Amino acid sequence: MEYIKSIIRDIHDFPTKGVIFKDLTTVFKDPRGLHMMSEELAKLYRDKGVTKVIGIESRGFIFGSILANELGAGFVPARKPGKLPADTISISYDKEYGKDTIEIHRDAITEDDIVVIHDDVLATGGTMTAAYNLVKSLNPKKIYINFIIEITALDGRKNLPSDAQTDVMISC
């Protein structure tokens with residue numbers, strides 16, 4: 001993980017002044033980094049019976065779909081409103097930069113599913129908590145939460161649901 005940590009780029013004052021954005025595109029474009037991260041993510045869930053991986057828009061789509069492929073699971077995008085073509089369910093929430101809404105297809109998750117919800121960065125936890133509550137409303141068997149990076153100074157882990165297993169690859 002030290003190699004992965006070493007290639008993550010910090011972007012100061014993005015998207016707003018005072019924020020240090022953890023840019024993972026440097027991991028995505030690095031073949032060694034991409035392969036290492038894919039392997040490490042898959043190791044976490046390989047023996048858990050995962051049937052669906054939900055990737056949160058938009059950077060969660062990248063490793064979420066890779067993880068789904070590695071596990072032989074389906075991939076479900078959690079998107080901003082109006083982006084999914086079929087019947088959806090949605091949830092609105094507060095996040096560090098204002099309000100937002102995410103949605104998934106109503107038929108994306110069943111009661112037989114074991115789900116990993118993936119996003120790239122744990123900041124305040126608002127987006128993941130909303131995604132978790134949305135998925136939980138569909139009553140899957142089990143829900144895991146996964147992030148590549150946790151920004152520990154923001155203490156977002158305290159805002160996550162206590163009944164879900166949370167896995168973080170790198171703490172910054």
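**Entry: Gly55**

I looked up Gly55 and found it in strand β3. Helices (H or I, at least four residues) and strands (E, at least two) are DSSP runs, numbered from the N terminus. I note that the model is predicted, that local features need pLDDT of at least 70 and side-chain atom pairs pLDDT 80 or more, and that totals for chains, interfaces and linings use all residues. Residues are numbered from 1 along each chain as its sequence is written, and side-chain values use heavy atoms, with hydrogens and water left out.

Is Gly55 buried or exposed? Gly55 is buried, with a relative accessible area of 0%. Buried means under 20% relative accessible area, exposed over 50%, and partly exposed in between (1.4 Å probe, protein chains only). Leaving aside neighbours within four places in sequence, I list its contacts (heavy atoms within 4.5 Å) as Gly60, Phe61, Phe75, Val76, Pro77, Ala78 and His118. From Gly55 to Ala68 the C-alpha atoms are 9.4 Å apart, and the two residues are 13 apart in sequence.

**Entry: the sheet**

In what order do the strands of the open sheet run? I read β4-β3-β7-β8-β9, five strands with parallel pairing. Two strands pair if DSSP finds at least two bridges between them. From one strand to the next the twist averages 20 degrees.

I then followed β7. Strand β3 (residues 52–56) pairs with β7 (residues 114–122) in the parallel sense over four bridges. The bridge partner of Lys52 in β7 is Val115. On to β8: eight bridges join β7 to β8, and these strands run parallel. Val116 has Tyr144 as its bridge partner in β8.

I also checked cover. Nine of the nine residues of β7 are buried, so β7 is largely enclosed by the rest of the structure. β8 is mostly covered, with eight of its nine residues buried.

**Entry: helix α5**

Which strands of the sheet does α5 touch? Helix α5 (residues 126–136) packs on the sheet and touches β3, β7 and β8 (142–150). Its direction makes about 165 degrees with that of β7. Axes are lines fitted to C-alpha atoms, for helices over the stretch in contact, and angles run from 0 to 180 degrees between N-to-C directions.

I count α5 as mostly covered, since nine of its eleven residues are buried. Among the buried residues are Gly126, Met128, Tyr132 and Val135. The buried residues of α5 pack against β3, β5 (88–95), β6 (98–105), β7 and β8.

**Entry: helices α3 and α4**

I looked up how helix α3 (residues 31–45) meets helix α4 (residues 60–71): the angle is about 60 degrees and the axes are 9 Å apart. That makes α3 oblique to α4. Angles under 35 degrees count as roughly parallel, over 145 as roughly antiparallel, 65 to 115 as roughly perpendicular and the rest as oblique.

On the α3 side I find Leu34, Met37, Ser38, Glu39, Leu41, Ala42 and Tyr45, and on the α4 side Phe63, Ile66, Leu67, Glu70 and Leu71. By class, the contact has nine nonpolar, one polar and two charged residues. Ala, Val, Leu, Ile, Met, Phe, Trp, Tyr, Cys and Pro count as nonpolar, Asp, Glu, Lys and Arg as charged, and the others, Gly among them, as polar.

Leu44 also has its place in α3. Leu44 is partly exposed, with a relative accessible area of 28%. Neighbours within four places in sequence aside, Leu44 is in contact with Asn146, Asp167 and Met169.

**Entry: backbone in the loops**

Most residues other than glycine have a negative phi, and most peptide bonds are trans. I noted some exceptions.

A cis peptide bond joins Phe14 and Pro15, with omega about 0 degrees. Pro15 lies in the loop between β1 (9–12) and β2 (20–23). The bond from Glu57 to Ser58 is also cis, with omega near -10 degrees, and Ser58 is in the loop between β3 and α4.

Asn139, in the loop between α5 and β8, has a positive phi near 60 degrees. I list Asn139 as partly exposed, at a relative accessible area of 45%. Asp155 has a positive phi of about 55 degrees although it is not a glycine. Asp155 sits in the loop between β8 and β9 and counts as partly exposed at 39% relative accessibility.
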